[in-house]
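Visitor: I would like a close look at one part of this structure, and then a walk through the rest of the chain from there. Please keep the explanation plain.

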Amino acid sequence: MRVALVPGPGKSGVLASLADDGTPLSPPVEVPDLAAAVARREADDPVRWVWDCGGRVYPTLLRAGVRVARCHDAALVDGLLTARDGPASRPGTLTAASARRAGLAAPGDPVPSGVREIASQLLFEEPPAASAHELLAELITVHKDQLGRIGADPLASGFGLLATAESAGGLAAAEMTAAGLPWRADVHDELLTELLGPRPAAAPGMPLRPARLAELTAQISAALGAVRPVNPDSPAQLLRALAASGIRVPSTRVSVLRAVDHPVIPLLLRYKELARLHTANGWSWLDTWVAGGRFRPEYVVGGVVSGRWATRGGGALQIPRVLRCAVVADPGWTLVVADAAQLEPRVLAALAGDRAFAQTAAGGDVYAAVASAVGADRDRAKVALLSAMYGGTGGDGGQSLALLRRRFPQASAFVEAAARAGEEGRVVRSVLGRTCPPPSAAWLSVTSESGDPELERDPEAGRASRARGRFTRNFVVQASAADWALVLLAGLRARLAALDVDGQRPELVFFQHDEVIVHCPAGLAAEVVTAVEAAAASATNLVFGATEVSFPMTTAVVTAYSDAK
DNA sequence: TCAACAGGCGCG
DNA sequence: AAAGCGCGCCTGTTGA
């Protein structure tokens, strides 16, 4: 059973039951308390809620203590379909719905990524606010249209799974934001103080460097023999000061500086490390993003073209390793940290239908297995494999790359074909059918062939073409890995819901590409680990069908995130 | 004065 | 000969 839902004024809402093909079964029903109505239906029988944008609707339900098991998120599905069919394919009704959504949004409100562009175009037209009944009618039309377009996909079942998983991802994202990642502000503060010195007093308009950074700055200037103090935060200034000391470098990147032998280098490297911590995850970050012992990032489902998630604010997907000691389970609770081991090479093995490579990826360490298969050491094999997926030659791994091609011709041909498609301006799709963006107008104009043989040799054309080849080469792997991880997340979420004991519910609290963290009562950790493994096995089967490739999860039951791995 | 850009670095 | 993929966010600089 599907039920379409649109919030109305106050706590009210409008509902309509739909058949599985999206046809309305009865006239819309107004309810005074939407959350209560949803909770009743959810308890009765399995419902797939159809709504326009879970990111907006669901947090309200969660605040009222109501969870749902399944949904169809029309905004997220629109993103998938628009990536597949192009913006011109978007039906008029959805455009109108997007416009209304944008019109109803407060200025500066985030708009779901799939409709961001069109919404921003229409934002200025001040569309009239539509009634909940009008919006529901539109939603029903859009939903039915989407079901038809999903069904028409050449990868119908895969693409349908993707739409379902993307929608479930929307639910998980809202729930994770509501739950928050356990974060010990006191531990974080202690670490900052230990590394940087005491927190500088707030000086209006005059941000102070913490003691340790000020000290290093002075030492750096001295080591460079600079007359005036050098600001290490200014690459241009630093570059000049280095040159004045006879150090000629193309940039001030850590990787470049590391190769230089000079007394100032260790000071600079230390400064960069600490300054990064201070600016990216220092006290002001703590003030801004951590409250009540929780860090609550806002996830952007499908925010990356490959289907990976992004986050808005707080840089949640770049939590530095040194800070992971601040992620600590509540007393009596524990963290289950699980990540998919060597996900991308395994995905390539499963995708490419390369028997030899699949057998190689059937075991515990793909890189070691590849190394022994091609007769190279593990490091070289790893670089070669990554190069094959990223489009580099791997420098040192170049030879191994050639061996890789000989030993695993089908896997190589698979990524090469993806690269050719990109270079020629075509699009590629993930295993479940997520579609990469078409080439930009700028790319087309740079690479378009002209009759003039002089122009054809424009090196810019070749560069742009190869760059897009690397992008599509990587896309098929990264996006398929994202497919798998999303299906894992959806399955895990469902399994965890079944472990709910009197509100002592294991909570998904973090998701980062190929890694999840579950916060659970200590007594449930073993069951959570089992759930993770079952979800991984199920994801493998749903996404890749029968395959020899294994997708093992590395799980750790820990008190602090830093204790994992 | 402020927005856009460049350089840089954190994560996968 | 050299170079890989995808992000978010910070500071400093530049230019309208």
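Visitor: Is histidine 513 buried or exposed, or does its relative accessible area put it in between?

Guide: The model is a predicted one, and the values below are computed from it. Histidine 513 has a relative accessible area of 25%. Buried means under 20% and exposed means over 50%, so histidine 513 is partly exposed.

The place of this residue in the chain comes next. Histidine 513 sits in the loop between strand 12, residues 507–511, and strand 13, residues 515–521. Its backbone has a positive phi of about 65°, although histidine 513 is not a glycine. Most residues other than glycine have a negative phi.

With a relative accessibility of 14%, aspartate 339 counts as buried. Leaving out residues up to four places away in sequence, aspartate 339 touches Asp514, Glu515, Pro552, Met553, Thr554 and Lys565.

Chain A contains 23 helices and 14 strands. It has 565 residues, and buried residues make up 48% of them. Among the contacts in chain A with a separation of 6 or more, 67% are between residues 24 or more positions apart.

The confidence of the prediction also belongs in the picture. The mean pLDDT of chain A is 89, and 90% of its residues reach 70 or more. Over residues 99–127, however, the pLDDT is below 50. Beyond near neighbours in sequence, that stretch has 45 contacts in the model.

Two pairs of helices show how elements pack. Helix 19, residues 409–423, packs with helix 22, residues 459–497, at an angle of about 135°, and their axes are 7 Å apart. Helix 19 and helix 22 are therefore oblique to each other. The crossing in which helix 19 passes helix 22 is right-handed. On the side of helix 19, the contact is made by Phe414, Val415, Glu416, Ala418, Ala419, Gly422 and Glu423. On the side of helix 22, Ser465, Arg466, Arg468, Gly469, Thr472, Arg473, Val476 and Val477 take part. By class, the contact of helix 19 with helix 22 has six nonpolar, four polar and five charged residues.

The other pair is helix 3, residues 74–85, and helix 6, residues 132–151. These two pack at an angle of about 45°, with their axes 11 Å apart. That angle makes helix 3 oblique to helix 6. Helix 3 passes helix 6 in a left-handed crossing. Helix 3 contributes Ala74, Val77, Asp78, Leu81, Arg84 and Asp85 to the contact, and helix 6 contributes Leu139, Val142, Gln146, Arg149 and Ile150. The contact of helix 3 with helix 6 divides into six nonpolar, one polar and four charged residues.

Two further residues show positions separated in sequence but brought into contact. Arginine 212 lies in helix 9, residues 211–223. At 25% relative accessibility, arginine 212 counts as partly exposed. Apart from neighbours within four places in sequence, arginine 212 is in contact with Leu195, Leu196, Gly197, Gln219, Arg270 and Leu274.

Alanine 275 belongs to helix 12, residues 264–281. Its relative accessible area is 9%, so alanine 275 is buried. Neighbours within four places in sequence aside, alanine 275 is in contact with Leu213 and Asp233. Alanine 275 and proline 210 are 65 residues apart in sequence, and 9.2 Å separate them in space, C-alpha to C-alpha.

Note on methods. Residues numbered from 1 in each chain as written. Chains lettered and ligands numbered in written order. Predicted model: local features only at pLDDT ≥ 70, side-chain atom pairs only at ≥ 80, totals over all residues. Heavy atoms only, no water. Axes fitted to C-alpha atoms, helices over the stretch in contact; angles between N-to-C directions. Helix = DSSP H or I, 4+ residues; strand = E, 2+ residues; numbered from the N terminus. Parallel < 35°, antiparallel > 145°, perpendicular 65-115°, else oblique. Left-handed = near helix turned anticlockwise from the far one by under 90°. Contact = heavy atoms within 4.5 Å. Nonpolar A, V, L, I, M, F, W, Y, C, P; charged D, E, K, R; others polar. Buried < 20%, exposed > 50% of the residue type's maximum accessible area, 1.4 Å probe, protein only. pLDDT = per-residue confidence, 0-100.
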